[in-house]
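Good morning, and thank you for making time for this item. I shall go through the next structure on our list, with the criteria stated as they come up.

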Amino acid sequence: MNAATETTDVVVIGSGFGGAIPAYRLAAGGAKVVVLERGPWLRTEDFTHDLRLGTYTRIVDLIQGDGITVVAGNCVGGSSVVYFAASLRAPGFVFDRRGSLGHRLWPASLRRATLDPWYERVEQTLPVAQQSWHDVPYPGGLFAAACRNAGRTCNPVPVAVDLRRCTNCNWMLSGCRFDAKRSMLLNYLPAALAHGAEIRPLHEVQLIGPAVTPGYRYRVTYTTVDGDDYRVPTGGGAIEAKIVVLAAGAMATPVLLQRSAAALGGVPAAVGRYFSSNGDRVSVAAMNEDRIRDVLGLEREPGVPYEALHIGKPIGSMSYDRLDPHAAEFTRFSLQQIYFPTITNLLTRSGDAGSSWFGVEKKELSARWRSWLTVLAMTEDDNEGTFGVPPPTGAFTRLASSIGLSPLRYAPTANTLRGWAAADTEARAVLERDGLSRVRPWSDVGGALCAHPLSSCRMGDDPATSALDDSNELRGHPGLFVTDGSAVPTSLCVNPSLTIAALAERAGPAIVRRAAEFGVPVRYSDAW
Amino acid sequence: MTGALSRRALSRRALSRRALSRRALLRGLAAAVGALYAVAPAGRASASPALSAGPALPVDPVTVATLEAFADTIVPGVKRYPGDHALAGAAPGPGAVQAGAITLLRAPELGLTPLLPGLAGLLDVEATGYATTHGRPPLSLQPPLSLQPPLSLQPPFVGLRYADRAALAADLLRPGTPDQKLWLLLALVSALAFDTAAHLHTPDAVRHGHPGLAHLRFPQPDADGLWRYPRFSYQRTLADPHPSTTPSGSPA
């Protein structure tokens with residue numbers, strides 16, 4: 001035994017939904033848990049209302065692949081710190097999806113009904129609030145009114161937000177300054193800490209291999225990185241564990257496993273394949289204020305029908321009308337009102353030409369920014385993303401502050417394009433009716449835009465097309481579990497956070513059982 | 001330096017840039033940025049009030065003019081002074097350059113400064129190619145513009161009219177084209193200067209009338225630099241929920 005080697009019962013890699021939840025369950029059950037997190041640990045007072053480089057860019061990464069750009073969190077709490085808190089259960093048909101492979105993609109043991117108890121547990125723990133129409137901000141109200149005008153239904157979106165604390169500031173991407181957004185920083189992580197778990201920020205895991213210490217199974221090698229510049233290593237080390245829970249996020253987990261393949265004696269072929277963008281498709285409607293008043297009868301203050309893009313929780317309302325379980329696969333989607341900070345304004349188009357995202361007309365459109373309404377369609381994509389050769393370190397090559405290049409390639413198939421076209425048609429049908437607006441999808445100049453990376457190390461029953469079994473364990477590697485968005489088999493047609501969290505909760509008992517089998521003194525506790 | 005000498009120098013520079021492998025430049029981007037940060041890690045951003053306060057490396061006037069013209073293509077603005085050639089004056093009001101695009105491009109946090117001459121050179125090569133294939137005389141072949149040094153520094157991209165700059169930019173930025181990610185990075189930074197004042201703290205930028213944020217009518221913060229909206233909702237039932245909505249508010 002190497003006396004210098006640090007050991008622990010469980011190493012959790014990543015501290016977002018997928019890492020924080022197992023960290024808590026294992027620590028609460030009595031295991032010694034160390035959480036390694038690539039990003040910094042920010043406190044509430046560190047979250048600023050600021051778009052200056054070096055502020056939000058400390059905790060948000062914009063990762064460019066080939067044909068896709070992905071937004072992901074990079075801090076203690078992971079994407080839960082920067083997400084928009086929409087907390088929805090995936091519709092039942094999602095679990096029966098077959099994709100273009102022609103067989104059921106989710107494990108047979110996983111259906112909406114079997115996940116419902118775990119959804120409920122997360123909803124109670126975060127907790128999730130049901131917005132009334134009085135809680136829905138102006139943009140969500142406008143979208144709802146447009147839906148009704150077009151003969152559609154529309155729902156207020158359940159959100160993991162303390163509605164009494166929320167100031168509707170619309171700065172959720174920067175973390176919540178008011179402790180209103182219920183990120184992992186406010187629930188599972190403090191609970192894990194209270195049970196003795198240790199969280200180490202600025203620890204970027206590079207490799208997972210076999211342990212050298214008798215009785216331990218995995219050796220996790222990491223570098224520590226500079227808090228001011230994550231490209232600069234400041235040291236490194238290794239820690240050995242009996243159980244590893246990998247939850248580095250769908251953009252990092254497969255890359256880490258690919259790099260570790262030789263050390264681990266191989267990894268399943270599905271690692272780094274079948275990536276899903278959740279079928280994200282964003283459009284911007286340039287609303288006509290007069291028509292909002294005349295057609296919808298809305299006025300937020302005298303003489304001002306709307307002009308309120310900037311106000312609110314970013315997600316207010318959404319339509320479930322196109323989540324028809326009987327409709328053909330690749331034609332179903334939800335349509336959700338959403339706000340994006342002005343860092344994405346570049347992508348809004350003023351016309352149909354490919355270059356209409358810049359220039360004179362675009363600038364004219366920007367002058368009406370307050371009258372924009374942004375909608376996100378979450379469609380059924382084809383799991384067509386594939387990760388290429390991993391970079392020497394990290395999950396991607398960090399070019400500049402929060403900008404990285406990933407080996408991910410995403411070329412949307414005809415199935416995915418069919419879903420996007422259907423979503424575009426529906427957005428126009430709702431928002432262009434009666435001259436309310438002109439709607440255009442975001443420019444594809446950066447490829448597909450994805451805020452919900454999924455499926456790059458997915459669960460399933462078929463070993464050829466899934467990397468994990470139905471208990472989230474990596475095939476052929478007992479004690480190595482993956483519990484982040486990469487484990488989700490397909491796009492979800494809703495925002496994925498609640499499903500990722502429910503699956504991580506569901507994985508808890510199996511991880512604890514395996515830990516106990518490997519000699520960790522731990523019992524599953526469902527207490528909160 | 002005379003105008004003629006300057007133009008010959010530009011022409012030689014353009015020719016030498018042709019020989020530069022674009023692939024090599026792209027590959028070198030990551031390495032150069034990484035190397036820069038390895039030897040000169042940036043200070044904590046919040047320590048300085050504006051990125052311009054950082055130790056920006058010197059950039060030659062040709063590079064600056066070329067990059068200004070590119071930023072002005074993405075978000076066009078009025079000319080800053082009579083005889084401003086870098087800005088085409090294609091749109092009323094300030095554009096990306098007035099909003100701070102060059103300051104942002106040179107920000108130590110981005111680490112792009114050492115690459116800017118190469119990017120500008122590559123853009124000028126593209127502009128020369130565009131001019132010759134679209135019947136626009138490249139700058140070096142134009143009749144003498146002036147012997148005055150400021151005009152002698154006009155690089156080929158600056159020599160194009162706005163419509164041609166925009167057409168060339170559209171070509172360079174089309175997905176799937178060889179160096180698209182490079183130009184997208186330049187476009188992104190230009191737009192971020194205008195749409196987010198990314199070199200300034202947002203509360204300060206809004207209060208001091210940053211031209212891009214003012215153009216958007218970005219709202220003013222509260223006195224403590226935070227935004228709050230006590231009135232945020234129409235407070236009316238504006239649609240019927242889907243009939244299959246479950247008790248948790250989710251779809252069935």
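Two strands are taken to pair if DSSP finds at least two bridges between them. Helices (H or I, at least four residues) and strands (E, at least two) are DSSP runs, numbered from the N terminus. This is a predicted model, in which local features need pLDDT of at least 70 and side-chain atom pairs count only at pLDDT 80 or more, while totals for chains, interfaces and linings use all residues. Residues are numbered from 1 along each chain as its sequence is written, chains are lettered from A and ligands numbered from 1 in the order in which they are written, and side-chain values use heavy atoms, with hydrogens and water left out.

I begin with the sheet in chain A. It is open and consists of 6 strands in the order β5-β11-β12-β13-β10-β17, with antiparallel pairing. At its edges are β5 (155-156) and β17 (437-441) of chain A, each of which pairs on one side only. In general, strands of a sheet pair through backbone hydrogen bonds, either parallel or antiparallel.

Within this sheet, β11 (residues 317-319) and β12 (residues 333-338) of chain A are joined in the antiparallel sense over 2 bridges. A:Met318 has A:Gln336, in β12(A), as its bridge partner.

Which helix packs on the sheet, touching β10, β12, β13 and β17 of chain A? That is helix α9 (residues 414-431) of chain A, whose direction makes about 145° with that of β13(A). Helix α4 (residues 138-149) of chain A lies across β10 (280-287), β11, β12 and β13 (372-379) of chain A, and runs at about 25° to β11(A). For these angles, axes are lines fitted to C-alpha atoms, for helices over the stretch in contact, and the values run from 0 to 180 degrees between N-to-C directions. Contact, here and below, means heavy atoms within 4.5 Å.

Chain A also has a hairpin. Strands β15 (residues 397-400) and β16 (residues 403-410) of chain A pair in the antiparallel sense over 3 bridges, and A:Arg398 is bridged to A:Gly404 in β16(A). There are 2 residues between β15(A) and β16(A), and A:Ser402 in the turn has a positive phi of about 65°.

Two loop residues of chain A deserve mention. A:Asn472 sits in the loop between β18 (448-450) and β19 (480-482) of chain A. It counts as buried because its relative accessibility is 1%. Beyond residues up to four places away in sequence, A:Asn472 touches several others, among them A:Met459, A:Phe481, A:Leu503 and A:Arg506.

A:Thr167 is placed in the loop between β5 and α5 (188-194) of chain A, and is buried with a relative accessible area of 14%.

Among contacts in chain B between residues at least 6 apart in sequence, 64% join residues at least 24 apart.

B:Gly95 lies in the loop between α3 (61-74) and α4 (96-99) of chain B. Is B:Gly95 buried or exposed? It is buried, since its relative accessible area is 0%. The C-alpha atoms of B:Gly95 and B:Gly77 are 3.8 Å apart, although the two residues are 18 apart along the chain. Leaving aside neighbours within four places in sequence, the contacts of B:Gly95 include A:Lys363, B:Val75 and B:Phe194.

Notes. Buried < 20%, exposed > 50% of the residue type's maximum accessible area, 1.4 Å probe, protein only.
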